[in-house]
Amino acid sequence: MKKTFIVEMVLLGLLAIAATPFMRGTSDALEIPADLILTSGRIWTAEAAQPWAEAVVIRGNRIIYVGPSTGVLPFQGQKTERIDLGGRLVVPGFNDAHIHLMAGALSLEQVDLIEAQSVEAVQGLIRDFTAANPNSSWVLGRGWLYGSFPGGLPVKEQLDAVVSERPAYMECYDGHSGWANSKALTIAGITKDMQDPVNGVIVRDPATGEPTGALKEEATALVTSKIPVPDDEARYQLLLRALHLLNSFGITSVQDAGYSNRDLKSELPLFERAKREGRLTVRLTAAVQMTQQDFASAIAEAKRLRDIHHDALLRFGTIKGFVDGVIEAHTAAMLEPYADDASFGLGMPNWEPAILNEALVAADKAGLQVYLHAIGDRGVCMALDAHEATIKANGSRDRRGRIEHIETISVADYPRFKDRGVIASMQPLHANPDQNTFNVWARNAGPERASRGFSWRNLETAEARLVFGSDWPVVTANVFRGLYCAITRKTKEGTPADGWNPELAVSIENALRHYTIDATYASFEENEKGSIMVGKLADLVVLSDDLFSVAPKKILQTRALLAVMDGRVVYRDAKW
Ligand SMILES: [Zn+2]
């Protein structure tokens, strides 16, 4: 990286002539120099009218020029920083359209199990973490995969074997199941005699009725509600670490899939503090979560917060509901019975369809945008029905209803996304074709439904608005891992050799659009950010490799060299 502080102000008059049609306010430029000039790059703008450029100029928090390198000199002043990109690729700052920011932040202090593919590997990681953290009152972790355990679910004995003196709780990678040791079950009061909570299952030994240690959906709260939460200062420091990590992946915006009313009371002050202190280096849109039981109060809270926070850094105004669970735990709502075990029937929707429709109509009346988690094909159908009921009840408007995940889908439902203006919000790494996907997900879904698993390409063909995200901490927030999976449908080890249902992969350009301008559309901000265009907010990222020309495998090693958010350099690779 080269930095040049330009002092030849005398050249300005001459070079102003080189101004291009993409520049705005040349005379203005002469009076107030730019803050940052990037030249000699390969700038992918995400704008159809001018997809490529060499240079971009930033003043304050806005982009003021996009065009040839020869056109930048009118903007240079004594304090302007100029960076010669040396042909590097620049793209708009990534926008992760589905993330769980505080869960991700808290996960930074827990044992990460996502790469462990066997019981022994999982236990080894927990044993080492326990030894390295002798003073924590609980041993916490997340990321275990169903496929790592015989039968698809862990049992308490496997956890007791490595942590017996302290309570231990490990969240499944998808957040929909949990695994407790005997101490944690005792603290939570979970015994043979305890009834299952609403929308939850305490998994029991079929012979004895004893809890096995595995918990599904709302039953996880029986344990998680007993885990001491780090204090405000500790959580704030974790939030700052999380923001830095996201910036290091080139992420400058996230759309947080939400908080319960209760969680918001403790987490919102952290976001407000970060904003006040100028340390909110990732733009944050956050949803309020609703359930069938509390949707009226959740809608009221989302509306109240929208009136307080609605700027380009911190925004509310969205509400999220979970239509169903997940396929691995047989809790996703399916149109036909589960393929591996018909006794699970059609899964476990969390809402009565009529009440779901009523909640959406009410949220829409309040002017809120609605996200619906829906993973089973019946769940997706219910979510589409609910968005449709909203249009019927409240008439047409630009409401941009969303469905999150869409892991399976009925063929009849592809066109409904475009027809109803519903956004498909999907996470490429959820399709990571590892043994968990094949041995558990595909086994449960069965081959027919699996053939349409994570149907990105089919949704593009049906002209659905498709947006990408990570669901961090469910999987890594590393956008480059997501991009690689989106275009190859292979694991990072390169399996299967031809990709899993490779016809459902997308092009690199489309994948980038889904992580940038399309994701920005999903929060109604496409006129403000999401592409590199004069007048837009200055959010962009310089990458180590040219994603358009390198071999797909190389994308896994791609790094952000520089991330700019709101005109500020928020991340710089130390080695560049
Ligand atoms: Zn999520």
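What spacing do the donors of the zinc ion follow along the chain? The spacing is H-x1-H-x370-D. This is a predicted model, in which local features need pLDDT of at least 70, side-chain atom pairs count only at pLDDT 80 or more, and totals for chains, interfaces and linings use all residues. Residues are numbered from 1 along each chain as its sequence is written, and side-chain values use heavy atoms, with hydrogens and water left out.

Start at the metal. His98 (NE2), His100 (NE2) and Asp471 (OD) coordinate the zinc ion at 2.1 to 2.2 Å. Donors here are N, O and S atoms within 2.8 Å of the metal (3.2 Å for Na, K and Ca); water is not among the atoms, so sites may look incomplete. The pair His100 and Asp471 links distant parts of the chain, 371 residues apart. His100 sits in the loop between strand S9 (94-99) and helix H3 (101-107). Asp471 sits in the loop between strand S22 (465-468) and helix H17 (479-488). Helices (H or I, at least four residues) and strands (E, at least two) are DSSP runs, numbered from the N terminus. Both His100 and Asp471 are buried. Buried means under 20% relative accessible area, exposed means over 50%, and partly exposed lies in between (1.4 Å probe, protein chains only).

Now look at the sheet. S9 and S22 belong to an open sheet of 8 strands, in the order S9-S16-S17-S18-S19-S20-S21-S22, with parallel pairing. Two strands pair if DSSP finds at least two bridges between them. S9 and S22 stand at the edges with a single partner strand each, so one side of each has no neighbour in the sheet. Neighbouring strands are turned by 25 degrees against each other on average, direction ignored. Axes are lines fitted to C-alpha atoms, for helices over the stretch in contact, and angles run from 0 to 180 degrees between N-to-C directions.

Strand S16 (residues 251-259) and strand S17 (residues 283-290) run parallel and are joined by 5 bridges. Tyr259 has Val288 in S17 as its bridge partner. Helix H10 packs on the sheet, where it touches S17 and strand S18 (314-322). The direction of H10 makes about 165 degrees with that of S18.

H10 covers residues 295-308 and contains Glu301. Glu301 counts as buried because its relative accessibility is 16%. The side chains of Glu301 and Arg304 are joined by a polar contact of 3.0 Å. A polar contact is a pair of N or O atoms within 3.5 Å; within protein, one must be able to donate a hydrogen and the other to accept it, and residues adjacent in sequence count only if both atoms are side-chain atoms.

Next comes H17. Is this helix largely enclosed or largely open? H17 is largely enclosed by the rest of the structure, because 9 of its 10 residues are buried. Among them are Phe480, Leu483 and Tyr484. Asn478 caps the N-terminal end, with a side-chain oxygen 2.8 Å from the backbone nitrogen of Phe480. Arg489 follows H17 and has a positive phi, near 50 degrees.

The largest nonpolar core holds 131 residues, and Phe94, Leu101, Ile126, Met170, Phe417 and Leu483 touch the most other members. A nonpolar core is a set of buried Ala, Val, Leu, Ile, Met, Phe, Trp, Tyr and Cys residues joined through side-chain atoms within 4.5 Å. Helix H8 (residues 232-248) gives the largest share of this core, 7 residues. A second, separate core has 20 residues, including Val66, Leu85, Ala538 and Trp576.

Finish with strand S7 (81-84). Glu81 and Ile83 point to one face and are buried. Strand S2 (residues 36-39) runs parallel to S7, and 4 bridges join them. Thr39 has Asp84 as its bridge partner in S7. Thr39 is also one of the residues that Ser69 touches, along with Ser40, Glu54 and Ala55, not counting residues up to four places away in sequence. Contact means heavy atoms within 4.5 Å. A polar atom of the Ser69 side chain lies 3.0 Å from the backbone nitrogen of Ser40. Ser69 has 16% relative accessibility, so it counts as buried.
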